Amino acid sequence: MWLPLLLGALLWTALWLLRDWQRLPASSPFVFVTGCDSGFGRLLALQLDQRGFRVLASCLTPSGAKELQQMASSRLHTTLLDVTDPQSVHQAAQWVETHVQGAGLFGLVNNAGVAGIIGPTPWLTWEDFHQVLNVNTLGPIRVTLALLPLLQQAQGRVVNITSVLGRLAANGGGYCVSKFGLEAFSDSLRRDVAPFGVRVSIVEPGFFQTPVTSLESLESTLQACWARLPPALQAHYGDAFLPSYLTKVSRCVEHALTARHPRTRYSPGWDAKLLWLPASYLPASLVDAVLTWLLPKPGQSVF
């Protein structure tokens, strides 16, 4: 009895891997990435540029756009975008349309996001929630709706960067709420645009920051080193030059853009796969008990 089940499981795994490894024919499609001023967004734009994509990168600040342009090849172009401003989103969409012309937009990566204030809900105000939701949830919705005609034209891909906290709300504040909302938007969008040939993927990273180092400072140092490398060395080092926690996320985005059959969800990070996602399926009473024991409580001093 067990042998047929084992053979069936092995066959299913082999077929799934074969399907997962299939790639689209080589090309240089247009990809629009939000939130490229610094951090992961900038590194993702540089890596996609290195892979041969024609990257259209949006930044919030002129200085961020200028620095990114200096670090990239001539294929990459930058523009300013505030995802909370409808007029800014409209102008960015027109800018993208000018660049892609009749080719359409093959990829949209909604990366821009903020953490906001995180803490027990009684400590927070309505504005604390609104600011984060406006960037993390309403921002990607604005950008996606503005670029959807170009994505349909190219039968392209939408990749939304959420979080494991979009599956399990481990803390109070607008961040978890915003990521839950972006997950819901992604799910409904995936079904609605499938008839037009547009595919939607969600990337739910785990936690990559450690107590030893600041993620932002480490990425800034990495960007400075990367910018000083000649293009030949950038191509030589490739992913090996990037920290492992960043390549886990960037490889998921790249797979979602290049795979013939992109996955619905990607969960980079062992903590996401082995801790947070399994915990999201446990009884709520058990999860509540553990998180209540670990996290600060209203009225409790954290100092």
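Cys 36 is buried, since its relative accessible area is 0%. The model in which this residue is described is a predicted one. No disulfide includes Cys 36, and the nearest cysteine sulfur, which belongs to Cys 59, is 5.4 Å away. The structure as a whole holds 0 disulfides. A disulfide is a covalent bond between the sulfur atoms of two cysteines. Cys 176 is likewise buried, at a relative accessible area of 2%.

The mean pLDDT of the chain is 82, and 83% of the residues reach 70 or more. Residues 209-218 have a pLDDT below 50, and this stretch has 7 contacts in the model beyond near neighbours in sequence. The pLDDT is also below 50 over residues 235-242, a stretch with 16 contacts beyond near neighbours in sequence. Where pLDDT is low, the predicted coordinates should not be read in detail.

Strands of a sheet pair through backbone hydrogen bonds, either parallel or antiparallel. Between β1 and β2 the pairing is parallel and comprises 4 bridges, with Phe 30 opposite Arg 54 of β2. On β1 (residues 30-33), 3 bridges provide the link to β4, again with the two strands parallel; here Phe 32 has Leu 108 of β4 as its bridge partner. Strand β4 also pairs with β5 (residues 157-161), in the parallel sense and over 4 bridges, and Val 109 stands opposite Val 159 of β5. Helix α5 (residues 126-154) carries the chain from β4 to β5 in a right-handed β-α-β crossover.

In a regular strand the side chains alternate between the two faces of the sheet. Within β4 (residues 107-110), Gly 107 and Val 109 point one way, Leu 108 and Asn 110 point the other way, and all are buried.

Ser 58 belongs to strand β2 (residues 54-59). With a relative accessibility of 1%, Ser 58 counts as buried. Apart from neighbours within four places in sequence, the contacts of Ser 58 are Phe 32, Val 33, Thr 34, Gly 35, Cys 36, Thr 79 and Leu 81. Cys 36, buried at 0%, is thus among the residues in contact with Ser 58.

Helix α3 (residues 62-71) has Gly 64, Ala 65, Leu 68 and Met 71 as buried residues. Viewed down the axis of α3, the buried residues fall within an arc of 130°, so they line one face of the helix. An α-helix has 3.6 residues a turn, so residues three or four places apart point the same way. Pro 62, Lys 66 and Gln 70 are exposed on the other side of α3.

Pro 205 is located in the loop between β6 (199-203) and α7 (215-228). Its relative accessibility is 11%, and Pro 205 therefore counts as buried, the threshold being under 20%. Residues up to four places away in sequence aside, Pro 205 touches Ile 161, Thr 162, Ser 163, Val 164, Val 249 and Pro 268. The C-alpha atoms of Pro 205 and Leu 165 are 8.9 Å apart, although 40 residues separate the two in sequence.

Key. Residues numbered from 1 in each chain as written. Predicted model: local features only at pLDDT ≥ 70, side-chain atom pairs only at ≥ 80, totals over all residues. Heavy atoms only, no water. pLDDT = per-residue confidence, 0-100. Contact = heavy atoms within 4.5 Å. Buried < 20%, exposed > 50% of the residue type's maximum accessible area, 1.4 Å probe, protein only. Arc of directions from axis to C-beta. Disulfide = S-S within 2.5 Å. Pairing = 2+ DSSP bridges. Right-handed = clockwise from strand over helix to strand, strands pointing away.
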